[in-house]
Amino acid sequence: MKLFYAPGACSIGIHLILEEIGVPFELELVNLREGAQYKEPYTNLNPKSRVPALLRDDGSLLTEFPAIAYWLANRYPGAKLWPAELEAQARALEMMDYGIATVHMQGFSRMFAPRKYTPSEADEEKVKKRGLEIFQTGLDLLSKALGGKDYAVGPYSVADAVLFYLELWATNFKVELPANLAQHFARIKARQAAQRVLAKEGLA
Ligand SMILES: N[C@@H](CCC(=O)N[C@@H](CS)C(=O)NCC(=O)O)C(=O)O
């Protein structure tokens, strides 16, 4: 298996899941800063021009964080990263979708790449400000949903990998983490798998 990733991008969540599972995998860097995602050879493999993308042993490519997370957790059930109970499964999907589709793609992406959201340079600051509002509101809601639990939905699961990358981004962008998420981030970073991931991505 090979994970196409960029250091510190959302692909770090899938990297964490792979490290937790402990199955052999390769990493291949896609240099997002240089626009490698929009050029061959990457576009031949993944015309969506995004990471994460997982090249599986049968030669097929799987994209979209929730799909990759779901497949990995269920393909390697020994790691117990997919909750056993229906309610926790639904909550894991709920948290992943909100974290990725809203907090990441509507909030953080506006802060990180404002020009994707406006053709006008003059609007950039407004777009960033709106992105920050969405990001902060999202973090607050995720923190409330986490409550006093150690992990996103109770047992440690793939949903924690989404919280992990959002928490990392908040920290890098000096956005204060609500208390529950700050504690969760410390808890995840204390895991050996997370330490290996941060070291391999040059972020330790
Ligand atoms: N919906 C995708 C989102 C993936 C995504 O937005 N990845 C970002 C990195 S965090 C990316 O590849 N950006 C490259 C670009 O937009 O040019 C998923 O769930 O995997």
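Helix α4 (residues 86-112) packs against helix α5 (residues 124-146) at an angle of about 155°, and their axes sit 6 Å apart. Keep in mind that this is a predicted model. Beyond that helix pair, there's a crossing between α1 and helix α8 (residues 192-200) to look at, plus 1 cavity of 30 Å³ or more, found in a search of the whole structure.

**The α4/α5 pair**

- Angles over 145 degrees count as roughly antiparallel, so α4 and α5 go down as roughly antiparallel to each other.
- As for handedness, α4 and α5 cross in a left-handed way.
- Sorted by class, the contact of α4 with α5 involves 14 nonpolar, 7 polar and 3 charged residues.

**The α1/α8 crossing**

- The axes of α1 and α8 come within 9 Å, crossing at roughly 130°.
- That angle makes α1 oblique to α8.
- The crossing of α1 past α8 is right-handed.

**The cavity**

- You're looking at about 40 Å³ of space in the largest cavity.
- Its lining is made up of Leu16, Ile17, Glu20, Leu81, Tyr156, Ser157, Val158, Asp160 and Ala161.
- By class, those lining residues split into 6 nonpolar, 1 polar and 2 charged.
- Two helices, α1 (11-21) and α6 (158-172), each put at least two residues into the lining of the largest cavity.
- On the domain level, domain 1 (2-80) and domain 2 (86-191) each give at least three residues to the lining of the largest cavity.

Methods. Residues are numbered from 1 along each chain as its sequence is written. This is a predicted model: local features need pLDDT of at least 70, side-chain atom pairs count only at pLDDT 80 or more; totals for chains, interfaces and linings use all residues. Side-chain values use heavy atoms; hydrogens and water are left out. On a 1 Å grid over the protein atoms alone, a cavity is a set of points where a 1.4 Å probe fits but cannot get out, and a pocket is an open set with protein on both sides within 12 Å along at least five of seven lines; lining residues have an atom within 4 Å of a point. Grid points are joined across faces, edges and corners, and a volume is the space filled by probe spheres set on the points. Helices (H or I, at least four residues) and strands (E, at least two) are DSSP runs, numbered from the N terminus. Ala, Val, Leu, Ile, Met, Phe, Trp, Tyr, Cys and Pro count as nonpolar, Asp, Glu, Lys and Arg as charged, and the others, Gly among them, as polar. Domain bounds come from an automatic or database domain assignment. Axes are lines fitted to C-alpha atoms, for helices over the stretch in contact, and angles run from 0 to 180 degrees between N-to-C directions. Angles under 35 degrees count as roughly parallel, over 145 as roughly antiparallel, 65 to 115 as roughly perpendicular and the rest as oblique. A crossing is left-handed if the near helix is turned anticlockwise from the far one by less than a right angle, and right-handed if clockwise.
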